[in-house]
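Visitor: I'm new to this one. Can you walk me through a few parts of it?

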Amino acid sequence: MTQALPTRARIVIVGGGVIGASVAYHLALAGERDVLLLERDRITSGTTWHAAGLMTCFGSTSETSTSIRLYSRDLYARLEAETGVATGFKPVGLIEAAADADRLHEYRRVASFQRRMGLEIHEITPKEMADLFPLARTDDLLAGFYVPSDGRVNPVDLTMSLARGARQHGATIVEGVRATGVLTTPEGRLSRVTGVATDAGDVEAEIVVNCAGMWAREFAQANGIVVPNQAAEHYYLITEPLAGMSPDAPVFEDPAAYGYYREEGGGMMVGLFEPRAAAWRVDSIPRDFSFGEIPPDWDRMTPFLERAMSRVPVTLEAGIRKFFCGPESFTPDLLPAVGEAPSLPGYFVCAGLNSIGILSAGGLGRIMADWILTGRPDADVTAINLDRFRGFQLDPAYRAARTAEILGTVYAAHTPGVQLKTGRGVHRSPVYDELLAAGGYLRDVSGWEGADWFAGPGNTPQAEPGWGPQPWFAHWRAEHEAVRERAGLIDMSFMAKWRITGADAGRLLRHLSAGDVDGDPGVITYTQWLDDDARLQADLTVTKLGARHFVVVASDTAYGHVEGMLQRAAVGLEVTIDDVTTALAQFAIQGPRSREVLAALTDADLSTDAFPFRAVRQVTLAGRAVLLARITYAGELGYEIYLPAGDAARVWREILGAGTAYGLQPYGLKALASLRMEKAYRDYGHDIDNTDDVYEAGLGFAVALDKADFRGRAAALAAKAAPARRRLVQVLLRDPERLLFHAEPLYRDGEFVGYIRAASYGWTLGGAVGLAMVEAPEAVTTGWLDEGEWSVEIAGDLVPARVSLRPLYDPGSARVRM
């Protein structure tokens, strides 16, 4: 009997796949009974029903991703006891094959990190791999990584178990009702969710959760929300029964052969992640596509299939019971779309699972439920937050090309320096041609083309991915040293920029900013925006130009999040928020001779007395009006220049010309990273995130506690008074030959205390340098740091390190204020 459709529910979930069922289960488990899940057809009918059912935790160097998978695995193991419905979870183990040196190094790094996160991993020999999975050919493999507690699960049974649990805890699930839209009502400059329209009538609601899978993009787009997931073909075959194929055989993965392998009905499932994939139905997903299959493209897939099957030669001679092709949806960066829409409060999304929906569903459902019920996530979501996406990513041509490429990276080696080639150059800096002329090696920066480093005029930059030192490091080092010793010029036009004007502009920014941003005009302030618990939400600058006129500048990756915070906080205020990201070019000139370079191009007094640190002035530079701010992200005397995009190319050339006499040269994003890392400057979303309070992040100096009206003040007072058991520290390797990237475990006296969140090479300090969040039993103090013996684990090797609370480069910031 079909459940009647309620006319109201506090929370409505759209989509009855494993994700929607998990969100419903976790909401109900947390005590929220007024939950309605709508499924247009039957539970699992979209993509869940044909999932391969792998429950494998190995492979991530993200704490959030690893914790999501570990929670999911634990949940699936115990869910049957609670609901009475089996999930089909079998901890048969996982073997991950390393076929080449790059993968072996990568997997050793992964294993080092994930062991510290609680995952049991053993590196094993090819012979040990063959003993565990006798049907595979292993003689040409270098090693394997065995996870005994991983395994497989039945996707349909799992979803039914979650649905049963949701019902048992009070949620309502209605099948056979299609959600046709989300209802909203205007509320000031924004709107709010009021319900869901269905083909059986409207349902009043306060919160909607879009778990519509491959339909999520179109469903969200109707409300102006960007969820750029795209369906793609995904293949596997199932053989007839094979002699020696045990139902208890581990899951076997060989990414270099594009294949994964597990037992299925006495035969073997051979799944594929080919290096070049195919998007499916870029125009629109059929609404009546249920339990559906896609006609397989044998011509395209045969070479990949043959390579995958050659890893298990017996499959080449076995009968094929089923060759399956079905849709899975993927996002442009291979990370899920999770969180609340920045432009529509009450509209949440959990979609775009990139073929890991089964192994992520439990953990993501828990995070989503907590986020919805408490108002903030309890995990680092900076990499997966829905608000990172941009409107251009909805373009059909972009989705078709990027999906075909990004799916191909699932089983590719994740070697540093790999670049995506599709969807490039959506935005171009006003000095794009100048970057090319200087031999810039360009990379994607949130849809912009940014120079990573420069090969020099007339030279074609070339680089290959690699874990060790590369030939282009010489260019990187030269740029770094130019900034430290003379001067360097960098294009930062991709930074997110807003002009905030109106009678309440100061009131808005005082409320959002922990720093004192509304003092005298002509001052730029580095500040953080916090949540009510004093945890970081943004890290940016606010420039006050006048009583009713401000400029906010944030990183490119924070664009959507900052925009959403501005719009929400501005409700009811007399304020105008103008996005000037593309209208204003932004350069930075940094280094001890930067003042001399600029002085050759302006009549403005740039002396420290007339133009001190943090001063901002409207000046004429190279004959053009610019906004000049004395600020740095390199740890040197330096300035940022903001000017109309139309004037940018001329001013850039004039600065380079004037700078010749002072040894100035253009520098790229690699040098910016190494310069800021030596100075221990933070980067939100990389080494600080939404789980850190402002004092743990070492940013208490930027908090103006004497202000009475900023968000998170009460919690900031409490955080400052509490013991500093958790602090961000700088880490410098003592071996100058070893490199750091991220996720390397950090030890004090042999005890794991944290891991490297972000890193670079410190050309001035003489070694790899990074930032790590560490925890101490009582407090992280200089004494506690100095008394310990520190080391960093790199792919299984322990490398001695030096650790400091203060920046190891110019700790007193004398060079910044010179």
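Guide: What follows covers a helix pair and some aromatic rings. This is a predicted model, where local features need pLDDT of at least 70, side-chain atom pairs count only at pLDDT 80 or more, and totals for chains, interfaces and linings use all residues. Residues are numbered from 1 along each chain as its sequence is written, and side-chain values use heavy atoms, with hydrogens and water left out.

Visitor: At what angle do α12 and α17 pack?

Guide: About 55°, with the axes of α12 (residues 473-485) and α17 (residues 669-678) 9 Å apart.

Visitor: Which residues of α12 and α17 make the contact?

Guide: Trp476, Glu479, His480, Val483 and Arg484 come from α12, and Lys670, Ala671, Ser674, Leu675 and Glu678 from α17. Contact means heavy atoms within 4.5 Å.

Visitor: New topic. How many aromatic pairs are there?

Guide: A search of the whole structure finds 33. Rings of Phe, Tyr and Trp (its six-membered ring) pair if their centres lie within 6.5 Å.

Visitor: Are phenylalanine 58 and phenylalanine 145 buried or exposed?

Guide: Phenylalanine 58 is buried at 6% relative accessible area, and phenylalanine 145 is buried at 0%. Buried means under 20%, with a 1.4 Å probe and protein chains only.

Visitor: Which residues do ring pairs link into a cluster?

Guide: Tyr441, Trp453, Trp472, Phe473, Trp476, Tyr761 and Trp763.

Definitions and conventions
Axes fitted to C-alpha atoms, helices over the stretch in contact; angles between N-to-C directions. Helix = DSSP H or I, 4+ residues; strand = E, 2+ residues; numbered from the N terminus. Phe/Tyr/Trp six-rings, centres within 6.5 Å; stacked < 30°, edge-to-face > 60°. Buried < 20%, exposed > 50% of the residue type's maximum accessible area, 1.4 Å probe, protein only.
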